[in-house]
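Here is a short report on a two-chain model. Look at the structure first, then read on.

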Amino acid sequence: MTTIHINGQSEPLVARTVAELIAEKSDIPAGHGLAVAVNGKLVRRADWAVTALEPGDAVEIVRAMQGG
Amino acid sequence: MRQADPLVIAGQSFTSRLLLGTAGYPNRQVMLDALAASGAEIATASIRRVSLQGYEESLVELLGNRVRLLPNTAGCQTAREAVLTAELAREALETNWVKLEVIGDRELLYPDVAELIVATEELVAKGFVVLPYCNDDPVTCRRLADLGAAAVMPLGAPIGSGLGILNPHLIELICARVGVPVVLDAGIGTASDAALAMELGCAAVLLNTAVSKARDPVRMAAAMRAGVEAGHSARLAGRIPKRRDAEASSPQFGLVGT
């Protein structure tokens with residue numbers, strides 16, 4: 001199966017790398033202010049372009065929101 | 001009156017001793033106005049999944065150049081979750097500061113001390129400036145400081161309860177016995193609570209709901225600012241000892257009719 005889990009939702013896996021996924025999912029230029037984890041591990045911004053996505057990966061894309 | 005001495009955490013100086021949360025305001029403008037009225041230089045933020053459904057306003061764009069954003073790990077229940085959230089926060093906000101929350105009870109939002117200690121140790125080792133939200137327990141606070149926490153942030157009462165400082169004696173003991181700044185976090189209901197925290201020896205106060213859910217958040221933000229400043233000044237000025245009996249303040253000589 002070629003699906004991927006993004007923020008808890010299953011989707012077809014299209015993007016080949018984290019960088020491609022961010023470009024596809026976010027209208028924020030260069031993903032500024034975002035952070036990404038794949039399978040529970042942080043992927044640093046510098047590694048987005050070289051981090052390949054595999055079927056079944058669980059990706060978290062987060063940002064700062066209101067908080068106390 | 002303005003205090004002369006700055007708040008210093010991890011070598012960074014701040015004029016304001018009030019840290020303000022950014023959640024739960026009636027709208028964005030009220031939040032901005034409340035932040036301005038509070039004088040806070042540090043505002044807390046959470047780290048949450050982005051919406052995949054389209055544009056959301058960025059807290060960073062809104063506040064990034066007004067205040068220093070302090071990310072929290074709110075909602076985390078294990079050290080593992082909290083450490084990952086802190087790492088995501090560092091990446092998203094380009095800050096190594098983190099308000100560390102590890103919650104052990106969803107209803108009480110009470111800290112899980114065992115997990116908090118593990119997470120503090122791990123994050124300090126990873127180079128974070130760790131500000132743990134913790135119990136009003138002198139032993140826990142000292143332990144966290146020994147592990148390298150840059151400050152300790154004991155609760156006055158459960159988060160969002162507005163019950164004030166339920167155990168002032170313990171807060172005072174923590175301030176006297178822990179060698180890092182003590183930031184009273186959670187439970188503040190009104191300005192006198194914030195003043196009391198400072199009178200007890202706290203270095204700063206962190207609050208959110210007491211302002212964001214007040215009838216007039218902007219006015220309450222100004223009141224909190226005044227309360228923190230008054231309490232800090234009173235602490236520095238030194239309160240008089242309490243006594244059992246009265247002591248006349250007017251002269252005891254030259255009384256009429258003697």
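This is a predicted model: local features need pLDDT of at least 70, side-chain atom pairs count only at pLDDT 80 or more; totals for chains, interfaces and linings use all residues.

## Helices α1 and α9 of chain B

In α1(B), the residues V30(B), D33(B), A34(B), A37(B) and S38(B) meet P217(B), V218(B), A221(B), A222(B), M224(B) and R225(B) of α9(B). Two residues are in contact if their C-beta atoms, placed from the backbone, lie within 7 Å. By class, this contact of α1(B) with α9(B) has eight nonpolar, one polar and two charged residues. Ala, Val, Leu, Ile, Met, Phe, Trp, Tyr, Cys and Pro count as nonpolar; Asp, Glu, Lys and Arg count as charged; the others, Gly among them, count as polar.

Helix α1(B) covers residues 28-38, and helix α9(B) covers residues 217-237. Helices (H or I, at least four residues) and strands (E, at least two) are DSSP runs, numbered from the N terminus. The axes of α1(B) and α9(B) come within 7 Å and cross at roughly 20 degrees. Axes are lines fitted to C-alpha atoms, for helices over the stretch in contact, and angles run from 0 to 180 degrees between N-to-C directions. α1(B) and α9(B) are therefore roughly parallel to each other. Angles under 35 degrees count as roughly parallel, over 145 as roughly antiparallel, 65 to 115 as roughly perpendicular and the rest as oblique. α1(B) passes α9(B) in a right-handed crossing. A crossing is left-handed if the near helix is turned anticlockwise from the far one by less than a right angle, and right-handed if clockwise.

Residues are numbered from 1 along each chain as its sequence is written, while chains are lettered from A and ligands numbered from 1 in the order in which they are written.

pLDDT is the predictor's confidence in each residue, from 0 to 100. Chain A averages 91, and 96% of its residues score at least 70. Chain B has a mean of 94, and 98% of its residues reach 70 or more. For the complex, the predictor gives an ipTM of 0.92 and a pTM of 0.91.

## Where the chains meet

How many residues of chain B are in contact with chain A? There are 27, and they touch 23 residues of chain A. On the chain B side, β4 (42-49), α2 (59-63), β5 (68-71) and α3 (79-93) each supply at least two residues. That side of chain B divides into 15 nonpolar, eight polar and four charged residues.

Strands also pair across the two chains. Strand β5 (residues 58-66) of chain A and β4(B) pair in the antiparallel sense over five bridges. Two strands pair if DSSP finds at least two bridges between them. R63(A) has R48(B) in β4(B) as its bridge partner.

## Two other helix pairs in chain B

Helix α7(B) (residues 191-199) also packs with α9(B): their axes come within 7 Å and cross at roughly 30 degrees. That makes α7(B) roughly parallel to α9(B). The crossing is right-handed. The contact of α7(B) with α9(B) divides into 12 nonpolar, four polar and two charged residues.

Helices α5(B) (residues 138-146) and α6(B) (residues 168-177) pack at about 30 degrees, with axes 9 Å apart. They cross in the right-handed sense. From α5(B), P138(B), C141(B) and R142(B) meet L170(B), L173(B), I174(B) and R177(B) of α6(B). This contact has five nonpolar, no polar and two charged residues.

## A sheet in chain B

Three strands of chain B form an open sheet in the order β6-β9-β10, with parallel pairing. β6 (97-100) and β10 (153-154) stand at the edges, each with a single partner strand, so one side of each is left without a neighbour in the sheet. Strand β9(B) (residues 129-134) pairs with β10(B) over two bridges. C134(B) has P154(B) in β10(B) as its bridge partner.
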